[in-house]
Amino acid sequence: MNIVIFGPPGAGKGTQSSFLIKNFNLYQLSTGDLLREELKSGSELASQIDKLMNAGKLVSDDIINSLIEKKLGDKSIENRIIFDGFPRNIEQAKTLDQLLTKYSQSISLVLNLKVDYSVITKRISGRVSCSICKTTFNEFFDPPKLCSNIKCSTRTMVKRSDDNVETVSKRLKTYDESTLPILDYYSSKNIVKDVDAMTDIDKVSEQISSIIKDLKS
Ligand code: AMP
């Protein structure tokens, strides 16, 4: 089962993807993570990507689609992908459908994480993660504590450079203008399920779990 985890920045897509990986043997394909990996290369392309990300704008569809196609050809993750942060506009959604058809796959479910924008700024500007195991914490709501992973004793907390108040409002504007219209596209295929993402992390996971179990039964 391939799933799109959908919602504005700060909705908890990454956190809930971790839950899905552990409990449903799925693989998270996050275009944001792939781009952050690319940034480490220090290439000319990396510097263009960096500027766009810090301006809260979308990186070009060509770059994103080629990153995605490389992964879709990987048999080890066939039909168990969580698309996180992708698609981000209608063109990407259509390309994803074409690519999935090419690889004899499809999307079974779009999880629409619904959260008020009023809480997003605090969620994002407080977000930090363990440099070793990547567990996320929030300086306001869930202050960093020791991770269960023993290797993390030497960790530092890292913060994404685009997780600041100024960039968040631009990212939300981009989300409203480019990304939100995708919901209509997927609703017409009857694969969207709404999730109340304002509540505790565990309660959000429970909702997701029961949606998936219903689909499988
Ligand atoms: P995320 O980690 O999903 O919040 O993405 C961080 C930033 O990476 C976004 O604000 C965009 O600049 C860029 N990005 C991530 N995914 C995409 C995508 N599918 N299309 C275009 N830009 C993307």
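Tutor: Three strands make an open sheet, ordered β6-β5-β7, with antiparallel pairing. The edge strands are β6 and β7, each pairing on one side only. Strands are DSSP runs of E with at least two residues, numbered from the N terminus, and two strands pair if DSSP finds at least two bridges between them. This is a predicted model: local features need pLDDT of at least 70 and side-chain atom pairs count only at pLDDT 80 or more, while totals for chains, interfaces and linings use all residues. Residues are numbered from 1 along each chain as its sequence is written, and side-chain values use heavy atoms, leaving out hydrogens and water.

Student: How many bridges join β5 to β6?

Tutor: Three, between residues 127-130 of β5 and residues 136-138 of β6. R127 has N138 as its bridge partner in β6. The two strands form a hairpin with five residues between them, and K134 in the turn has a positive phi of about 70°.

Student: And what stands opposite C130 in β7?

Tutor: M157 does. β7 covers residues 157-158 and pairs with β5 over two bridges.

Student: Switching to rings. How many aromatic pairs are there?

Tutor: A search of the whole structure finds five. The ring centres of F19 and F24 are 6.3 Å apart and the planes are at 70°, so this pair is edge-to-face (centres within 6.5 Å; planes over 60 degrees apart).

Student: Are F19 and F24 buried or exposed?

Tutor: Both F19 and F24 are buried, meaning under 20% relative accessible area with a 1.4 Å probe, protein chains only.

How values were computed
Helices (H or I, at least four residues) and strands (E, at least two) are DSSP runs, numbered from the N terminus. Rings of Phe, Tyr and Trp (its six-membered ring) pair if their centres lie within 6.5 Å; planes under 30 degrees apart count as stacked, over 60 as edge-to-face and the rest as tilted. Buried means under 20% relative accessible area, exposed over 50%, partly exposed in between (1.4 Å probe, protein chains only).
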